[in-house]
Amino acid sequence: MNIAIIPIKHKSERVKNKNFRNFFQNLSLLEIKINKLKFFKIFDKIIISSNSLIAKKISKKYNCNFVLRKDKFSNNITSWSDVITNVIETSRLNK
């Protein structure tokens, strides 16, 4: 099974609302990424991992799985490997 994981934070430190505001053709960066992954048809499942309820709403709109990520794993301090490990553990990919 091929699984795509999109880790996305609610807040960006440099650009306000970066991941969720309209970016191109009235789509957010998250929606653009989802559409690209779906276009290639190589993933059986797309998982959005985020601490954002906006991301949860978008994942539902595009029929993607959503995993609520704790704020501890949605900052610029926690190592990327810890974030990905947490995403895998909380999304039941290892079951």
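This is a predicted model: local features need pLDDT of at least 70, side-chain atom pairs count only at pLDDT 80 or more; totals for chains, interfaces and linings use all residues.
Local features were taken from residues with pLDDT of at least 70 and side-chain atom pairs only at pLDDT 80 or more, whereas totals for chains, interfaces and linings use all residues. Residues are numbered from 1 along each chain as its sequence is written, and side-chain values use heavy atoms, with hydrogens and water left out.

Helices (H or I, at least four residues) and strands (E, at least two) are DSSP runs, numbered from the N terminus. Strand 2, residues 45-50, pairs with strand 3, residues 65-68, in the parallel sense through four bridges; strands are taken to pair if DSSP finds at least two bridges between them. Within this pairing, Ile47 has Asn65 of strand 3 as its bridge partner. Between strand 2 and strand 3 the chain passes through helix 2 (residues 53-61), giving a right-handed β-α-β crossover. Right-handed here denotes a clockwise path from the first strand over the helix to the second, with the strands pointing away from the viewer.

By the criterion applied, a side-chain nitrogen of Lys or Arg within 4 Å of a carboxyl oxygen of Asp or Glu, the count is one salt bridge. This salt bridge joins Glu31 to Lys61, with 3.1 Å between the closest N and O atoms. In general, side chains of opposite charge can pair when their charged atoms come close. Accessibility classes were assigned with a 1.4 Å probe and protein chains only: buried is under 20% relative accessible area, exposed is over 50%, and partly exposed lies in between. Glu31 is classed as buried because its relative accessibility is 8%, while Lys61, at 59%, is exposed.

Helix 1 also contains Phe39, which counts as exposed because its relative accessibility is 62%. Phe40 is likewise exposed. The structure holds one aromatic pair. That pair consists of Phe39 and Phe40 in an edge-to-face arrangement, 5.2 Å centre to centre and with 80 degrees between the planes. Rings of Phe, Tyr and Trp (its six-membered ring) pair if their centres lie within 6.5 Å, with planes under 30 degrees apart counted as stacked, over 60 as edge-to-face and the rest as tilted. Together with Ile42, Phe39 and Phe40 make up a nonpolar surface patch with about 370 Å² of accessible area. Patches comprise residues with over 30% relative accessible area and no salt bridge, like charges being joined within 9 Å and nonpolar side chains (Val, Leu, Ile, Met, Phe, Trp, Tyr) within 5 Å. Accessible areas come from the Shrake-Rupley method with a 1.4 Å probe, and for residues only the protein chains shown count as cover.

Most residues other than glycine have a negative phi. Lys41, although not a glycine, has a positive phi of about 50 degrees; this residue is placed in the loop between helix 1 and strand 2 and is exposed, with 73% relative accessible area. Asn63, also not a glycine, has a positive phi of about 60 degrees. The loop between helix 2 and strand 3 holds Asn63, which is exposed at 68% relative accessible area.

Ile88 is located in helix 3, residues 80-90, and is partly exposed at 32% relative accessible area. Its C-alpha atom lies 11 Å from that of Ile48, 40 residues apart along the chain.
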